[in-house]
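Me: I am new to this structure and would like to learn how to read it. Could you walk me through its features, one at a time?

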Amino acid sequence: MKVKLLSYQPSMDILSHLPAAKLSEKELLGHLSFTFALEGISRACSHQLVRHRVASFSQQSQRYIQVRMLKTHVVAPPSVTAKSPKIFDSLIGQASNAYQALVDAGIPGEDARFVLPNATETNLLVTMDGRSLMHFFGLRCCIRAQWEVKELSDEMLRQVREAEPELFSGAGPYCCQLGRCPEGRFTCGRMGEVVEKYRV
Amino acid sequence: MRLTLIARTPNPEAMIAAAMLTTTSGVKPSTIYERLQANPEKVNDIVSRLEVQHGSILEHNRLVWILEADEQLVLDTLLKNKFFTFTRLGSGRWLMSANLRAILEYSEEHGGDLGDSLLDSICTVVPNVNCFAERRRA
């Protein structure tokens with residue numbers, strides 16, 4: 001997985017025009033956008049990403065780009081590689097062969113891709129405004145988030161904190177943002193430890 | 001009504017071109033963007049061929065203005081396009097932001113003083129996108 005903050009407009013560009021305005025951080029965040037290149041994540045991960053609707057996505061198309069060498073372009077979950085790598089590798093090999101056979105038979109890429117697994121790697125651009133990013137971090141940096149999207153959101157948070165340290169100093173999972181855990185009976189029970197981890 | 005562009009994401013046309021190529025190329029988006037930043041002619045060539053209905057490629061940016069207008073215009077704009085963001089700065093003074101897709105769609109569908117002023121404000125920032133907008137309005 002590779003995450004890179006490609007573009008954003010610094011908050012100072014706005015604030016320098018508004019010396020007397022009292023703009024809350026929340027209000028300011030809504031006017032800022034952050035564009036990331038996300039590379040080598042699984043389709044399973046990108047499916048979780050696109051559930052965040054106040055965002056923009058430009059994702060590599062499986063209609064127009066053939067998947068070559070599937071075996072070297074999959075994301076393998078650590079739990080699988082630790083316990084059942086043969087089952088996983090076998091399925092990837094079968095999917096790879098089936099995909100290639102369909103393409104060779106003249107089936108359009110948009111149909112051949114139906115046999116590709118969720119583990120298939122994808123690349124995309126994603127843009128979120130600052131408020132949406134805070135919500136994304138609130139949900140996806142949480143210990144309960146799936147490991148890949150949590151790894152992704154932790155890295156995105158690290159990079160926006162470099163770009164805008166003050167604005168994102170309170171960012172992190174919702175327990176850090178709210179001062180309480182909103183997960184109810186699903187709480188991890190480790191709020192103190194989590195808050196400490198995300199403290200700047 | 002008075003509109004003043006005060007901030008924007010850098011090099012928006014390079015990002016539009018990168019978004020276009022990301023969907024149809026096997027090259028990684030960060031590599032595409034880096035190459036395009038160093039090649040403005042290529043960016044011009046790609047963006048000047050903009051002919052798509054997939055507006056998401058126009059969303060990887062944000063422009064921020066100070067708008068001097070009455071509440072009626074702000075309400076009217078929000079009712080017409082939910083992708084504009086407003087913050088009240090004072091009486092008749094607003095901080096307004098949107099991405100290029102929202103700007104183009106608003107200008108094309110509703111025009112008016114605000115639509116025209118929005119297009120005027122982006123003509124030097126994204127010249128190829130502006131030409132695209134003019135073509136669509138013609």
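Reply: Gladly! Let's begin with a term we will need: two strands pair if DSSP finds at least two bridges between them. Keep in mind that this is a predicted model. Here is a case: β3(B) and β4(B) run antiparallel and are joined by 5 bridges.

Me: Which residue of β4(B) stands opposite B:Thr85?
Reply: Opposite B:Thr85 you will find B:Ser97 in β4(B).

Me: How do I follow the strands of chain B across the sheet?
Reply: Read them in order of neighbours. In chain B, 4 strands form an open sheet in the order β1-β2-β4-β3, with antiparallel pairing. β1 and β3 (85-90) of chain B are at the edges with a single partner strand each, so one side of each has no neighbour in the sheet. On average, neighbouring strands here are turned by 25° against each other, direction ignored.

Me: How many bridges link β2(B) to strand β1 (residues 2-8) of chain B?
Reply: The antiparallel pairing of β1(B) with β2(B) extends over 6 bridges. In that pair, B:Leu5 stands opposite B:Trp65 in β2(B). Turning to strand β4 (residues 93-98) of chain B, its antiparallel pairing with β2(B) also covers 6 bridges. There, B:Leu63 stands opposite B:Ala98 of β4(B).

Me: Why is strand β2 (residues 63-68) of chain B described as largely enclosed?
Reply: Count its buried residues, where buried means under 20% relative accessible area. In β2(B), 5 of the 6 residues are buried, so the strand is largely enclosed by the rest of the structure.

Me: Let's move to helices. How do I describe two that pack together?
Reply: Two packed helices are described by the angle between their axes and the distance between the axes.

Me: What strands does α6(B) lie across?
Reply: α6(B) lies across β1, β2 and β4 of chain B, and runs at about 40° to β1(B).

Me: Now for chain A. How many helices and strands does chain A have?
Reply: Chain A has 10 helices and 4 strands. Starting at the N terminus, its elements run β-α-α-β-α-β-α-α-α-β-α-α-α-α. Of its 200 residues, 47% count as buried. Its C-alpha atoms fill a box of roughly 65 × 40 × 25 Å along the principal axes.

Me: What is the strand order in the sheet of chain A?
Reply: The order is β1-β2-β4-β3, in an open sheet of 4 strands with antiparallel pairing. β1 (2-8) and β3 (55-59) of chain A are the edge strands, each with a single partner, so one side of each is left without a neighbour in the sheet. From one strand to the next, the twist averages 20°.

Me: Where do bridges join β2 and β4 in chain A, and what packs on the sheet?
Reply: Strand β2 (residues 33-42) and strand β4 (residues 121-129) of chain A run antiparallel, joined by 9 bridges. One example is A:Phe36, whose bridge partner in β4(A) is A:Val126. Helix α7 (residues 130-140) of chain A lies across β2 and β4 of chain A, at about 125° to β4(A). Helix α1 (residues 12-24) of chain B also packs on this sheet, touching β1, β2, β3 and β4 of chain A. The direction of α1(B) makes about 150° with that of β4(A).

Key
Residues are numbered from 1 along each chain as its sequence is written. Chains are lettered from A and ligands numbered from 1 in the order in which they are written. This is a predicted model: local features need pLDDT of at least 70, side-chain atom pairs count only at pLDDT 80 or more; totals for chains, interfaces and linings use all residues. Side-chain values use heavy atoms; hydrogens and water are left out. Buried means under 20% relative accessible area, exposed over 50%, partly exposed in between (1.4 Å probe, protein chains only). Helices (H or I, at least four residues) and strands (E, at least two) are DSSP runs, numbered from the N terminus. Axes are lines fitted to C-alpha atoms, for helices over the stretch in contact, and angles run from 0 to 180 degrees between N-to-C directions. Contact means heavy atoms within 4.5 Å.
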